[in-house]
Amino acid sequence: MRKENHHTDNKKRGEILLVDDSPASLELLSLWLEDAGYSVRQAPSGQRALWSLQSAHPDLVLLDVQMPVMDGFETCRRLKA
């Protein structure tokens, strides 16, 4: 039996940017993190993550390493630059 962990505080804990080319992974991680009280933005590629960061910076970026076109390592390098 799964124990439900619902965050009862109305304040969000912070914003997380999820970067993954798998829609299923994005959805599952988003559900878990939102249930824990985090605000979540999704990016299906490294390019979209970089574009998303132009408007606002999240508190944390969770980045998939294996993605087509621009992998997670290159995305991370560009984020840090």
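The accessible surface of the protein comes to about 5,900 Å², by the Shrake-Rupley method with a 1.4 Å probe. Carbon and sulfur atoms account for 54% of that surface. The model is a predicted one, in which local features need pLDDT of at least 70 and side-chain atom pairs count only at pLDDT 80 or more, while totals for chains, interfaces and linings use all residues. Residues are numbered from 1 along each chain as its sequence is written, and side-chain values use heavy atoms, with hydrogens and water left out.

Of the 81 residues, 31% are buried, meaning under 20% relative accessible area with a 1.4 Å probe and protein chains only. The protein has three helices and three strands, which are DSSP runs numbered from the N terminus (helices H or I, at least four residues; strands E, at least two). Along the sequence they follow the pattern β-α-β-α-β-α.

Helix H1 covers residues 23–35. At 1.5 Å a residue, its 13 residues should span 18 Å, and the end C-alpha atoms are 18 Å apart, so the two agree; the expected span is 1.5 Å times one less than the number of residues. In H1, Leu 26, Ser 30 and Leu 33 are buried. Seen down the axis, the buried residues of H1 fall within an arc of 75°, so they line one face of the helix; the arc is taken from the directions from the helix axis to the C-beta atoms. Their cover includes strands E1 (15–19), E2 (39–43) and E3 (60–63). After H1 comes Gly 37, with a positive phi near 100°.

Leu 50 lies in helix H2 (residues 46–53). Leaving aside neighbours within four places in sequence, Leu 50 is in contact (heavy atoms within 4.5 Å) with Met 70, Thr 75, Arg 78 and Leu 79.

How values were computed:
Buried < 20%, exposed > 50% of the residue type's maximum accessible area, 1.4 Å probe, protein only.
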